[in-house]
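Please read the following report alongside the sequence and the coordinates. It takes up a pocket, then the overall fold, and then a pair of helices.

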Amino acid sequence: MVPTRELAAQIHAECKKFKKATGIRSICVYGGAGVKCQIGDLKRGAEVVVCTPGRMIDVLCTNKGRITNLKRVTYLCLDEADRMFDMGFEPQISRILQNIRPDRQTVLFSATFPRAIEATVRRILKAPVEISVRGVSVVSDTIEQHVEVINEEDKARRLLGLVADWCEKGSILVFVDRQESCDAIWQQVMASGYKCSSLHGGKDQMDRDYTIMISKRGRRR
């Protein structure tokens, strides 16, 4: 179970690589794509289901629960677990957990795990074991970090200055807190003559897939 459709598709692509050697079938269930095809895949059967919480609940409730159920699930993996809880998926996750057998194994993966989220996660686990790689919130020694605290009205100008300094050296990834901010910054960067793309949950799935594709190929619109 993952928070976004892009991550679901990425994990599903990795699962398919093991199909020939193991015979394990995997399917992907996420919003933004045709639910009929996903229901057809579930009816044909699979050992691994990669899903987003909302679409999985939709499928479980379809046709009064006769499409599929979670009674045979013995291994549950939550990838980007802190992100899912931070995005408000806790009610959906809890609803799904209630329909999975209690003797399952539950595994949570995350690059970061704030203590506030950890307290929430512990409510769904029994006798949890924490495994940390290189410590908690430790940055890789290959990453160089610079922090600037500036006024809100100066942020756009500073960002465009950074884009000008770094655009010839490689790719630039800008994170924002809201979809509106993403679109606004995209327009500002484009108006300044730089090629860029935007990506957020409010965009059409075809646009999102295209943006990821051209980013992987090192191109911009």
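How much space lies in the second largest pocket?

## The second largest pocket

In this predicted model, the second largest pocket holds about 1,300 Å³ of space. Its lining is made up of 29 residues, and those closest to the centre of the pocket are H146, L159, L162, L173 and V174. Two elements, α8 (155–166) and α9 (179–191), each give two or more residues to this lining, and the largest share, seven residues, comes from α8.

Divided by class, the lining of the second largest pocket has 15 nonpolar residues, together with six polar and eight charged ones.

## Overall fold

The chain contains ten helices and four strands, and, read from the N terminus on, its elements follow the order α-α-β-α-β-α-β-α-α-β-α-α-α-α. Taken along the principal axes, the box filled by the C-alpha atoms of the chain is roughly 55 × 40 × 35 Å.

## Packing of α4 and α6

Helix α4, which spans residues 53–61, and helix α6, which spans residues 90–97, have axes that come within 9 Å of each other and cross at roughly 45°. The crossing in which α4 passes α6 is left-handed.

Which residues of α4 meet α6? On the α4 side they are P53, M56, I57 and C61, and on the α6 side their partners are Q92, I93, R95 and I96. Sorted by class, the contact of α4 with α6 comprises six nonpolar residues, one polar residue and one charged residue.

Conventions: Residues are numbered from 1 along each chain as its sequence is written. This is a predicted model: local features need pLDDT of at least 70, side-chain atom pairs count only at pLDDT 80 or more; totals for chains, interfaces and linings use all residues. Side-chain values use heavy atoms; hydrogens and water are left out. Axes are lines fitted to C-alpha atoms, for helices over the stretch in contact, and angles run from 0 to 180 degrees between N-to-C directions. A crossing is left-handed if the near helix is turned anticlockwise from the far one by less than a right angle, and right-handed if clockwise. Contact means heavy atoms within 4.5 Å. Ala, Val, Leu, Ile, Met, Phe, Trp, Tyr, Cys and Pro count as nonpolar, Asp, Glu, Lys and Arg as charged, and the others, Gly among them, as polar. On a 1 Å grid over the protein atoms alone, a cavity is a set of points where a 1.4 Å probe fits but cannot get out, and a pocket is an open set with protein on both sides within 12 Å along at least five of seven lines; lining residues have an atom within 4 Å of a point. Grid points are joined across faces, edges and corners, and a volume is the space filled by probe spheres set on the points.
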